[in-house]
Amino acid sequence: MTRHLGRWLPPLMLLALFAGLLLSGGCAKDLMEADEEPPTGSRITNPPDGVALNSQIIDIRGRAEVGATIEVDVNGESKGSAVAYPPAPGEGGLGRFTVPDVNLGEEGAKEIRATVTDLYGNRADQDLVVNMVFDATPPIVFFDDIIDAQIDTVDVGGVPTVMWTTGLPAVTALGRTDTTYSLARVRYGINQFVADRDSLISGAPGEPDTVKFWVPMTSPPLTTTNPDSIVTYYMESMDEAGNRSSERFQINWAAAGRETTISYEDGDYGYIGNSVSGQQGMKLAVMFQAPPWANFIIGMGIFNMNDGIVNDENPQAPTTDPFLAFVWKPNEEMRPGVTANTGYTPFADNTCPEDSLVTFYFANAINITSNDDFPDKQFFAGIEFLNRNSPIIGIDVDEPIDSRSFRWDWSSWEMATTSDYIIRAIVSDLQSTGEKARTATVTPTIVRLRE
């Protein structure tokens, strides 16, 4: 009496068990009369048909008529038998069987065939057949390179350690594996980055083909007060059977943790008439170029003029209406093109200070490391008016004019040739400021890349 009691019950005891089952309505056949009907509905539930497994010893489980005997062969070799025992109370239906500890033998394709014979000797019209593969050989994997990082010697606890170093928020790891793989990834802890593309490399005559793959990776959480982190990664290749190979490497994510404000004007509007505003839907923008070390646009600055409106509840309180702050990618004519954010509303509660240079930070930083989107880290930043003549932006009319300011009049972007809009951009090598951390974006589930 170990795993399946019914397998060793004497026939008379087994008959008594099934007679009791009849009284409870759990069996469709009348055991007191001769039965010439072959069992039907039987099936193997484990392993599934077509699966690949890396375990040589498995349990074969399934469903069959209660009391039926199931004989199992693997590639024509007998591997054991079992008797289907009654289902759990309330479960109803067919009984369950398990043939434990079936040895699949050598690696390769396996045909599992089971014959089902009921208590009266009737054999099922068709055998149960499952085809599977026993594969215990992991795919090879080689870690080759990291794009946008360089080899450096880092002091780790007083010990000089050679590792990859980068100040960028994202890199791409390169690896190679063989054609048996189904998933290539880089893992650290419970996090993983999955390869987003691969390329088959034909082997030389007599040599196997290999697969080159690319794994995009983002940095772990970093802050301006803790701008570097050494992380140990494992590049892994897995196959359908669950076999896995890995290679270890380390990256020192070392950012400077700095930010700067870019401006092309002197911040002095001169006199009250030096200003620009617009109607609902109009936009103002300034073209910027970030320094090479900057990776993100994290905020903006504007000179918000006094709108001359008195707050009835508090004369000292501002009355500037809300507006949208945008970042645009340059188009082919080096004018504002596609927006890079969804439009941020600072001071939505009408608390924007007036007659002063006002700065604010975006809720989500904008990554400018793609040279396709932001060539040489050039971008446009500015505002869209949600209300007529609010806000009123100061302009710098002093020479020289940088010719970087533009105004959208509902149909085209017009360059301001006689002034510079007092609009500024705040950039950083980190995604956020202070103690706010940027968080790696990881793929939470396994994704099959190749058929």
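**Cavities and salt bridges**

Guide: The second largest cavity holds about 30 Å³ of space, a cavity being a set of points on a 1 Å grid over the protein atoms alone where a 1.4 Å probe fits but cannot get out. A volume is the space filled by probe spheres set on the points, joined across faces, edges and corners. This is a predicted model, in which local features need pLDDT of at least 70 and side-chain atom pairs count only at pLDDT 80 or more, while totals for chains, interfaces and linings use all residues. Residues are numbered from 1 along each chain, and side-chain values use heavy atoms, without hydrogens and water.

Visitor: Which residues line the second largest cavity?

Guide: Its lining residues (an atom within 4 Å of a point) are Y264, E265, V286, R404, S405, D420, Y421 and I423.

Visitor: What does E265 form a salt bridge with?

Guide: E265 pairs with R424, the closest N and O atoms being 2.8 Å apart; a salt bridge needs a side-chain nitrogen of Lys or Arg within 4 Å of a carboxyl oxygen of Asp or Glu. E265 lies in the loop between β19 (259-262) and β20 (275-276) and R424 in strand β31 (residues 423-428), so the pair ties together parts 159 residues apart in sequence. Strands are DSSP runs (E, at least two residues), numbered from the N terminus.

Visitor: Are E265 and R424 buried or exposed?

Guide: Both E265 and R424 are buried, meaning under 20% relative accessible area.

Visitor: How many salt bridges are there in the whole structure?

Guide: The search finds 10. E111, R113, R123 and D127 are linked in a network of salt bridges.

Technical notes:
1 Å grid on protein atoms, 1.4 Å probe; cavity = no way out; pocket = protein on both sides within 12 Å on 5 of 7 lines; lining within 4 Å. Helix = DSSP H or I, 4+ residues; strand = E, 2+ residues; numbered from the N terminus. Buried < 20%, exposed > 50% of the residue type's maximum accessible area, 1.4 Å probe, protein only.
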